[in-house]
Amino acid sequence: MKSRSIIFKLFIITVIFFASFYGIVMMSQLFFFKDFYQEQKINKVEHDLAKLAKYYADEEGNSSLIARKAIQFMGRNRSQLTVVNMDGKLITDDPYHMTIKQPDGNKIFVSLSLFMALHGDELRATNIKKGDQLTLWGEKDIRGKDFSTILFPDKIYKQNFGMVGEDAAPEAVRITGVVSDIVLPGLKTWNQRQGLLMQALYQWFPLTNEQTEQLRHLQMQKIEWIEPWSGTNNVIIIQPVKKHSGEIELIFSLTSLQEISDTNEALRLFYMYLGIGGFVFILILSLIYSKMLTRPLIALNEMAKRMVHFDFKAAKPIHQNDELGSLSSSLITMSKNLDHALSELKEANQRLQEDMEQKQKMELIQQSFFSNASHELKTPLSIVKSFAEGLRDGVNLNKRDHYVSVIIEEAEKMEMLIKDMLDLARLESGTIQLRKKSFLLSELVEKVSDKLVYLLEKKRLEIMVIPVNELPVLADPEWMEQVILNFIVNAIRHAEEGSTITIEIQSDAHASRLSVDNVGETIPEDQQKLIWGRFYRAEASRSRQTGGTGLGLSIAKLILDMHGCEYGVTNLENGVRFFITLNN
């Protein structure tokens, strides 16, 4: 019963709302729309005509600008206009006209807009061209503009075609001559209302004394006019313009109001159909509402069943702005919160487990580091201590210099170890800012090689640098020098005596590749990833015969990672190759 009550209430509310809205729209359309629309249209025409009059007065000598503004006015307002004097005589030329040259040389300007409105198809059929001989009957007017006379024809005769038009009045003037110029509109551009404009001019001029007096005081005149032949409603607006010479000219415009009446009739019919459609729409809504109450309940039940089994992903909202929609939103919010809480709990457990594993790993690394550091420092410290005790106990004078040199050598090893440990700590802290510059790797290799002359001579080694299409690279030269130094020193320590260390640099458009090859023992594949660790030595016994601190490759790895370089190690047929790739 409750569900049926909701449907009934929704149905009644919809009927009342739609009927009220429809009634308001219909009442407004029936009683107010036509007057409102007509008033708005006339106000717009008056406003635009006043602007055009200002242009006409200000730009008196600029006929092209005035013509453009007049065309814009007619296009925006769907109006026709012309300029006349106080007696209704045309000042601007009819846009559709022809010029007749009489045998005596006089030229007659023939206005065709009104004639086109009455006999347009017949006139086009005559196909009048320049040079044709014509005879015309009509009313002649004298004006002081480009031509001495203007003719408004009633009928036109063309030889070999016949007569076009209607019988002329007895007082009509007859002229004969040759067409020297003709301007006729195309089928798409002709507007028959141009002829109505001329008809309105002849009907309303001369003006009444009251209208004339008001126009002389520059007061706009607005006249509603029903065209007698077709019965169409029009409004005539006359805008007076005072020229610089003091002469008053009139901008005469004709605007149709018939489309307003036609639109109003069409809207009445439209709203009648709209009312029928609205009733059908209400019936459809009643069916929709009945389903709106059953489908959401089924969906809510399914949602609750899935939540029982901790399935929160399949919940879909019910898009209704009522209690069922609110209940659906609450259930979905609850499911999202539960899902989020469970996800956070899983993520927290995962992070806790990862943190514990990381902590154990760091503890192992720290223990290994301190163990390795103490081991590396223990041997030189023991040697220094034993040789220092020998000096204290008064060792033979012949051995004193040897003891001192051993102490100095071991102190230098400890100094180098401590320096490498400090460099490693700085790099791992992440506080170092790279100062990248453009330089050639070959120049850096030569600089490093010059520092290692003593080590090379000690093992009778040579360094061969082979640059191939080398291009400058962008990197921090100080830290890259440390990488190259560690690679070359590592190659020297594990190279066979009397062999050659080959350093090759190859460049392309994007990157440069540096490789350091030596001749000696290879590195087992299972140890190639381990050599980058701290205090790692390829010798299982961690022999100190080859020297070094065991931190060189670890430092090189951190520097190369900071640069984002590709690097690695690979075995050759009789040696080992270390390589890096840098962007140019």
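Two strands count as paired if DSSP finds at least two bridges between them. In general, strands of a sheet pair through backbone hydrogen bonds, either parallel or antiparallel.

A word on the model: it is predicted, so local features need pLDDT of at least 70 and side-chain atom pairs count only at pLDDT 80 or more, while totals for chains, interfaces and linings use all residues. Residues are numbered from 1 along each chain as its sequence is written, and side-chain values use heavy atoms, with hydrogens and water left out.

Back to S12: it pairs with strand S14 (residues 500-507) in the parallel sense, over seven bridges. Look for Met464, which stands opposite Thr502 in S14.

| Helix | Residues |
|---|---|
| H9 | 441-451 |
| H11 | 477-493 |
| H12 | 552-563 |

How do H9 and H11 meet? Their axes (lines fitted to C-alpha atoms, for helices over the stretch in contact, with angles from 0 to 180 degrees between N-to-C directions) come within 10 Å and cross at roughly 55°. That makes H9 oblique to H11; angles under 35 degrees count as roughly parallel, over 145 as roughly antiparallel, 65 to 115 as roughly perpendicular and the rest as oblique. The contact (heavy atoms within 4.5 Å) includes Leu444 and Val448 of H9 and Ile484 and Ile488 of H11.

H12 has twelve residues and reaches 17 Å from its first C-alpha to its last, close to the 16 Å expected at 1.5 Å a residue. That expected span is 1.5 Å times one less than the number of residues. Among its buried residues are Leu553, Ile555 and Leu560. Just after H12, Gly564 takes a positive phi of about 70°.

Now for a loop: Gln102 lies between strand S2 (97-101) and strand S3 (107-111). Is Gln102 buried or exposed? With 19% relative accessibility, Gln102 counts as buried, since buried means under 20% relative accessible area, exposed over 50% and partly exposed in between (1.4 Å probe, protein chains only). Leaving aside residues up to four places away in sequence, Gln102 touches Ile108, Ile175, Thr176 and Gly177.

Note on methods
Helix = DSSP H or I, 4+ residues; strand = E, 2+ residues; numbered from the N terminus.
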